[in-house]
Amino acid sequence: MSMDPSLLAKTLDELDPPAWAAPTYESYLVATCHRLRRKPIGEFGVEDLRIMIGQKIGLRFLVPLALDVVERDALVAGDLYPGDLLNSLLRLGPDFWRVHADWRNRVEGVLARLAVVPTELEDAAKTFGGWSG
């Protein structure tokens, strides 16, 4: 694990204050993000990571967890399709990857080990690969 194990029992509300107040907008996504902010990050599943990374919430804590997951299985699936977690990582954008070059190298390693990039990941992989820092 690439993260201090003592952090895994903490929630994003604890790790990334301030704690969020109750949502003021009702939608599945908003309610889910608020709920996940109160869940210990060590209990996050693939879909939890996909959702929060896709919304760019808690990235400094969740990206290392997601990298550990996709390094074991690049095409692990949340609720959408095989590789949806990797797709969320690929879409974080050049500004994020410029700051986190060590994490970018890990994603590049995951992509390099794929025999074929699935159709669902092609655009994101091209954009990710096309960036030069």
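Predicted model: local features only at pLDDT ≥ 70, side-chain atom pairs only at ≥ 80, totals over all residues.
Visitor: What makes up the secondary structure of the chain?

Guide: The chain has 8 helices and 0 strands, and, read from the N terminus on, its elements follow the order α-α-α-α-α-α-α-α.

Visitor: Why is the chain called as compact as a globular protein of that length?

Guide: The globule rule gives 14 Å for 133 residues, and the radius of gyration of the chain, at 15 Å, is close to that value, so the chain counts as being as compact as a globular protein of that length. Along the principal axes, the C-alpha atoms fill a box of roughly 40 × 30 × 25 Å, and buried residues account for 49% of the 133 residues.

Visitor: Why is helix 3 called largely enclosed by the rest of the structure?

Guide: A residue is buried when its relative accessible area is under 20%, and 8 of the 9 residues of helix 3 are buried, so helix 3 is largely enclosed by the rest of the structure. The buried residues are Val-46, Glu-47, Asp-48, Leu-49, Arg-50, Ile-51, Met-52 and Ile-53, and what covers them includes helix 1, helix 2, helix 4 and helix 5.

Visitor: What makes helix 2 and helix 3 roughly perpendicular, or is another word needed for them?

Guide: The axes of helix 2, residues 28–37, and helix 3, residues 46–54, come within 10 Å and cross at roughly 110°. Angles of 65 to 115 degrees count as roughly perpendicular, and therefore helix 2 is roughly perpendicular to helix 3. The crossing in which helix 2 passes helix 3 is left-handed.

Visitor: Which residues of helix 2 and helix 3 meet?

Guide: From helix 2 come Leu-29, Thr-32, Cys-33, Leu-36 and Arg-37, which meet Asp-48, Ile-51 and Met-52 in helix 3. Sorted by class, this contact of helix 2 with helix 3 has 5 nonpolar, 1 polar and 2 charged residues.

Visitor: How do you know that helix 4 is roughly parallel to helix 7?

Guide: The axes of helix 4 and helix 7, the latter spanning residues 101–113, come within 10 Å and cross at roughly 25°. Angles under 35 degrees count as roughly parallel, and so helix 4 is roughly parallel to helix 7. Helix 4 passes helix 7 in a crossing that is left-handed.

Visitor: What classes of residue does the contact of helix 4 with helix 7 have?

Guide: Leu-59, Arg-60, Val-63, Pro-64, Leu-67, Asp-68, Val-70 and Glu-71 in helix 4 meet Trp-103, Arg-106, Val-107, Val-110 and Arg-113 in helix 7. By class, the contact of helix 4 with helix 7 has 8 nonpolar, no polar and 5 charged residues.

Visitor: What is the phi of Lys-56, and where is Lys-56 placed?

Guide: Phi of Lys-56 is near 60°, which is a positive value in a residue other than glycine. Lys-56 follows helix 3 and has its place in the loop between helix 3 and helix 4, residues 59–72.

Visitor: Which form, cis or trans, does the peptide bond from Pro-17 to Pro-18 take?

Guide: The omega of the bond from Pro-17 to Pro-18 is near 5°, and the bond is cis. Pro-18 itself is found in the loop between helix 1, residues 12–15, and helix 2.

Technical notes
Residues numbered from 1 in each chain as written. Heavy atoms only, no water. Axes fitted to C-alpha atoms, helices over the stretch in contact; angles between N-to-C directions. Helix = DSSP H or I, 4+ residues; strand = E, 2+ residues; numbered from the N terminus. Parallel < 35°, antiparallel > 145°, perpendicular 65-115°, else oblique. Left-handed = near helix turned anticlockwise from the far one by under 90°. Contact = heavy atoms within 4.5 Å. Nonpolar A, V, L, I, M, F, W, Y, C, P; charged D, E, K, R; others polar. Rg over C-alpha atoms; globule rule 2.2 N^0.38 Å. Buried < 20%, exposed > 50% of the residue type's maximum accessible area, 1.4 Å probe, protein only.
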